[in-house]
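Colleague: I would like to learn how to read strands and cores in a model. Please take me through one.

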Amino acid sequence: MSVFSSLRSSLASLHSSILPAQEEPGLWRPTRRTHLLHLGVAVFLFVFAYFFTELPREPVAIGLTALACISLPIASVVPIVGVLLGLVVTWLGLAVPQDTGLVASRVIWALVALLLSRGGPRHVVYPISAFVVLLVVYYGGKQGDWLGDLVLPMAIGVPCLVFGEVIRRQRDHVRETASRRRQALNRQRRLIASELHDTVASDLSYAVMTAEQLKVSRPDDGDLARDLDAVIEPVRTAVHQLRRSLQTMTATDGDDVSVLLPAASPRPISQVLSDARRVLAERRASIEEEGAELLEESVLTPGTRQQVLRVINELVNNAVKYTSSGGRVRITVRVDDSGLECMVTNPVDVSRSKDAVLSSGIGLEGARRRVETLGGELVTNQGGGRWTVAFTAPARRLPRPVMG
């Protein structure tokens with residue numbers, strides 16, 4: 001019952017961690033409503049310029065004012081195109097000898113603010129602003145009053161740039177917050193997947209192997225075989241579905257290896273070896289260990305020891321699954337000045353295919369990531385009917401014996 005209660009609690013945590021990710025809104029993007037809003041602002045500016053300013057009723061002035069207003073909704077859809085159109089209109093509005101009114105050579109500042117707030121590169125936005133100022137100074141100087149012509153653009157341009165920076169900073173903050181939240185959810189999902197694999201999936205796999213060994217040990221008991229089959233198949237199906245779900249959860253790119261830090265303490269090495277001996281004995285196999293007592297000593301820091309025990313638990317579980325009948329699993333642990341070295345080797349039946357239901361590959365990959373997180377290295381080798389996994393991890397320097 002403890003396995004299934006653990007499964008229920010883990011799935012509940014998984015549901016609560018994934019659901020917010022599905023409901024999380026995406027980053028801000030301009031919508032149709034945004035484009036319509038800019039179109040409305042453009043219409044308002046043209047009406048304002050035509051009826052409430054001293055806009056000359058001449059084709060050049062009206063045409064440039066209309067183009068300047070049209071550049072605003074265009075910039076809402078394609079910012080750089082709208083800004084370039086506004087820049088050309090501003091240039092023409094300053095270059096032609098006729099009076100073009102207030103709007104034709106001023107809308108460019110709204111376009112620059114829009115481009116800046118949308119995340120446009122600053123090395124493009126600010127040179128455009130400087131170019132507009134240079135145009136005002138140049139054509140104002142031709143008329144002998146460049147300083148007076150510069151006051152109004154600066155009075156409009158500086159607030160527009162400040163407004164664009166404020167909006168940009170706010171959106172950058174929202175983007176960073178959303179990114180951190182997604183990373184946290186990914187870490188939580190990977191952590192739950194790691195915990196489910198190391199606890200529930202592992203225990204269910206042991207249950208299947210134990211039931212199969214019991215059925216093999218009593219071939220004449222038909223009733224027992226039928227009862228065990230009624231238990232084995234549903235559990236195998238559950239393990240298969242669980243492992244496929246774990247594979248899906250761990251398939252996300254860009255996850256941080258720090259998510260593999262366990263939430264609960266791993267099983268003691270003595271308990272792991274005891275369970276392994278019991279399962280292997282039913283297969284007429286055995287296990288030998290050398291140096292396992294070092295894991296109980298203070299040669300590892302608490303955090304490193306927890307990770308190393310998780311790795312060894314996974315390697316022993318894999319060895320128990322795939323050790324051939326009558327084989328011998330060997331675990332060797334050594335600690336010296338260079339750190340901790342551990343090797344797990346076991347014979348495998350080369351004629352027996354790997355059980356895809358009871359294995360997903362997540363455990364070995366998780367062990368590799370844990371070792372790499374510690375700054376060590378994990379290597380595997382298969383040959384001559386044996387499977388060998390060895391890894392290293394940093395350890396505290398052992399005191400040298402004092403010579404009398």
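Modeller: Two strands pair if DSSP finds at least two bridges between them. Strands (E, at least two residues) and helices (H or I, at least four) are DSSP runs, numbered from the N terminus. This is a predicted model, where local features need pLDDT of at least 70, side-chain atom pairs count only at pLDDT 80 or more, and totals for chains, interfaces and linings use all residues. Residues are numbered from 1 along each chain as its sequence is written, and side-chain values use heavy atoms, with hydrogens and water left out.

Colleague: In which sense do strand E2 and E3 pair?

Modeller: Strand E2 (residues 328-336) pairs with E3 in the antiparallel sense, over seven bridges. Ile331 stands opposite Val344 in E3. Two residues lie between E2 and E3, which form a hairpin.

Colleague: How many bridges join E3 to strand E5?

Modeller: Eight bridges join E3 to strand E5 (residues 386-393), and these run antiparallel. Here Leu340 stands opposite Ala393 in E5.

Colleague: Why is E3 largely enclosed by the rest of the structure?

Modeller: Buried means under 20% relative accessible area (1.4 Å probe, protein chains only). Strand E3 (residues 339-347) is largely enclosed because seven of its nine residues are buried.

Colleague: Which residues touch the most other members of the largest nonpolar core?

Modeller: A nonpolar core is a set of buried Ala, Val, Leu, Ile, Met, Phe, Trp, Tyr and Cys residues joined through side-chain atoms within 4.5 Å. The largest one has 37 residues, and Leu295, Val308, Ile331, Leu340 and Phe391 touch the most other members. Among the elements that give two or more residues to this core are E2, E3 and E5.

Methods. Buried < 20%, exposed > 50% of the residue type's maximum accessible area, 1.4 Å probe, protein only.
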